[in-house]
Amino acid sequence: MVSTKYRRILKGILLLGLVLLVGIGCTTRNEAFVEVDNAVNEGRYLDAAQSMSGEDRSDFYKDRDKVLYFLDVGMLYHYGGEFDQSIQYLNEAELLIEEYFTKSVTQAAGSLLLNDTVMDYAGEDYEDLYLNVFKALNFLKMGDLDGGFVEVRRVNTKLNLLEDKYASLAASYSASDDSAVDLEAGSSRFYNSALARYLSLLLYRAEGDWDGARIDYNKFLQAYELQPEIYDFAPPIEETAIEPAESPRLSVLAFSGRSPVKKANTLYVVTGPNQVTIVTNEEDDEGVLIPTNYSSFYWPGIESGFRFKFQLPYMDLQGTQVSRVRLLVDGQPSGELGMIENMERIAEETFQVKYPIIFMKTVTRTIVKGLVAQQAKKQAESQGLAAGLLGAIVADVAVEASEQADLRTSRYFPSYAFAGEFELPAGEHRIEIEYLAGETLLFRDDLGTRTIAAGGLNLATSYVNR
């Protein structure tokens, strides 16, 4: 028998099921992005940003997706060279991420039974980290070194607090009356960003603070040495970067690809006496679902014989076509950049910190709604055959639909970052960045003529959506 405190859910489940039955076949919001994505693929970043931020904004984003709106438009303004506009949008995204996460902690005890899809999107942690990286680049492009320093330091601060903030959220959910078991956050293997350390190194070097540059270079190397699961490639910056040079240096950062998208895995809850088993299925070549994984744990008070379906999100990495990035100076090859950060791997890694919370919260919600739906079906059956059949269909559709995974994520962060240091004669030089797949040229980004002077930053950045 379901506790009376869950009966308030019954009416909502039935109404949701009727709405879903009527609404089957509606088009998806993603269709609105086709034209925008075409503009992005063609490098028309400002056109894309303006399309999404105009009167038709509601075609792309719902009210609870404001963070996505500010992230996407802010990144497009960055790529389009409107750095001040980019800062404004990314600032709004950062403020809302903090506000929504704080709200989720304070409301956790009362929101355990709410699906994340109906709540304000509070951002993924990699989005929260990398928005500061791109805000820093915006400030540097505008000649504001102090502003760049502030943003880089915020990356390190957020990494230091990553595990603690989800431990706090898990504790809040565990305190809910609806929680049958304790929730726990995952652990993070990522606590030091080589990309952020490199930017900090450049800032110290530009100010002539060689001690500061050396400290950051040592921390840069530690990112590779102490996080081999994330940085399984050699550091692209050598120690000469923190030593005075005879000729001016050009520092180059290049970004490629798209950040991960979220997809859904379908799982099943199977109950036994005081026990819940989670079953994962995969389709064989003939489309038959084959159980591939089981995990069981204690769940006090649950009865045997129930089976409910639910979904969980996972990060689907998009990768990049780019395997090599080459610098051209005055039309001549001048060397290659090396990978400095696998950004999509960090997106996946940071997602794992909160995944145990998503998992247990979803299982709890599925069980509670499933049990209530069983009560709804029994009540409908008592009213006759037709009502019983309709009630059963509505209840089952409502529970399954209300347990769809939250697949929201931003669209325009890159997946890989490359870096390189090059000594050039002082003066004006035409700078181009070539992106290659093996020996095949994918794209050449002409950055125009730059004045390379002794001292100062001399930073060039580039991006390709491939």
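This is a predicted model: local features need pLDDT of at least 70, side-chain atom pairs count only at pLDDT 80 or more; totals for chains, interfaces and linings use all residues.
Residues are numbered from 1 along each chain as its sequence is written, and side-chain values use heavy atoms, leaving out hydrogens and water.

**Exercise 1.** Find which residue forms a salt bridge with Asp125, and state where both partners lie.

*Solution.* Step 1: a salt bridge requires a side-chain nitrogen of Lys or Arg within 4 Å of a carboxyl oxygen of Asp or Glu. Step 2: Lys165 is the partner of Asp125, with the closest N and O atoms 2.8 Å apart. Step 3: the pair links distant parts of the chain, Asp125 being in helix α7 (residues 125–141) and Lys165 in helix α8 (residues 145–174), 40 residues apart. Helices here are DSSP runs (H or I, at least four residues), and strands likewise (E, at least two), numbered from the N terminus.

**Exercise 2.** Classify Asp125 and Lys165 as buried, partly exposed or exposed.

*Solution.* Step 1: buried means under 20% relative accessible area, exposed over 50%, and partly exposed in between (1.4 Å probe, protein chains only). Step 2: Asp125 has 4% and is buried. Step 3: Lys165 has 22% and is partly exposed.

**Exercise 3.** Explain why strand β8 is described as largely enclosed, and name the strands joined to it.

*Solution.* Step 1: six of the eight residues of β8 (residues 416–423) are buried, so the rest of the structure largely encloses this strand. Step 2: strand β1 (residues 249–256) runs antiparallel to β8, joined by eight bridges. Step 3: strand β7 (residues 332–342) is also antiparallel to β8, with four bridges. Strands pair if DSSP finds at least two bridges between them.
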